[in-house]
Amino acid sequence: MSNPVFSRSECLSHYRWGDDCYGWNYVDTEALSIKQELMPPDTAEQLHFHETASQFFFILKGRATFSIDGEISVLKPEQGIEIKPGQKHFIANKESSDLEFILYSTPSTKNDRINL
């Protein structure tokens, strides 16, 4: 049995979220979630936190503005940031071009998101 190779066209599922944002699921188990997401210019997600999941965002393209417990961080391609359980956070694309990133969550964030 060979290991599957993933791409946007060959993923577990494709979804839309937020304000015209897109995502592709590559790994989706209770223990681990790996997604690629795209945020068009001038989009942001809602402030929220996870009770048990740790997340790691790795920027592929564009600039990401994060608010984590009220502290702002701006990341560029090939930079990543970890968000620990309980940290109130959101990501925004304040730029004029698309933002793309890989998002690792362990365990999965299914039923573990509290919007604020």
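Trainee: Is Cys-11 buried, exposed or partly exposed, and what is its relative accessible area?
Mentor: This is a predicted model, where local features need pLDDT of at least 70, side-chain atom pairs count only at pLDDT 80 or more, and totals for chains, interfaces and linings use all residues. Residues are numbered from 1 along each chain as its sequence is written, and side-chain values use heavy atoms, with hydrogens and water left out. Buried means under 20% relative accessible area, exposed over 50%, and partly exposed in between (1.4 Å probe, protein chains only). Cys-11 is therefore partly exposed, at a relative accessible area of 21%.

Trainee: Why does Cys-21 count as buried?
Mentor: Look at its relative accessible area. Cys-21 is buried because that value is 0%.

Trainee: How many disulfides does the whole structure have?
Mentor: A disulfide is a covalent bond between the sulfur atoms of two cysteines. Here the test is a pair of cysteine sulfur atoms within 2.5 Å. A search of the whole structure gives a count of zero.

Trainee: How far from Cys-11 is the nearest cysteine sulfur?
Mentor: Cys-11 is in no disulfide. Its nearest cysteine sulfur belongs to Cys-21, at a distance of 16 Å.

Trainee: Which strand holds Ser-33?
Mentor: Strands are DSSP runs (E, at least two residues), and helices are runs of H or I, at least four; both are numbered from the N terminus. Residues 33-39 form the strand with Ser-33, and that is strand 3.

Trainee: Is Ser-33 buried or exposed, and at what relative accessibility?
Mentor: Use the cut-offs for buried again. Ser-33 counts as buried because its relative accessibility is 1%.

Trainee: Which residues does Ser-33 contact, leaving aside neighbours within four places in sequence?
Mentor: Contact means heavy atoms within 4.5 Å. By that test, Ser-33 touches Val-27, Leu-103, Tyr-104, Ser-105 and Ser-108.

Trainee: How many helices and strands does the chain have?
Mentor: Read along the sequence, the pattern is β-β-β-β-β-β-β-β-β-β-β-β. The count is zero helices and 12 strands.

Trainee: Why is the chain as compact as a globular protein of that length, and what is its radius of gyration?
Mentor: The radius of gyration is taken over C-alpha atoms, and the globule rule is 2.2 Å times the number of residues to the power 0.38. For 116 residues the rule gives 13 Å. The chain is close to that, so it is as compact as a globular protein of that length, with a radius of gyration of 14 Å.

Trainee: What share of the chain's residues count as buried?
Mentor: The chain has 116 residues. The buried share is 41%.
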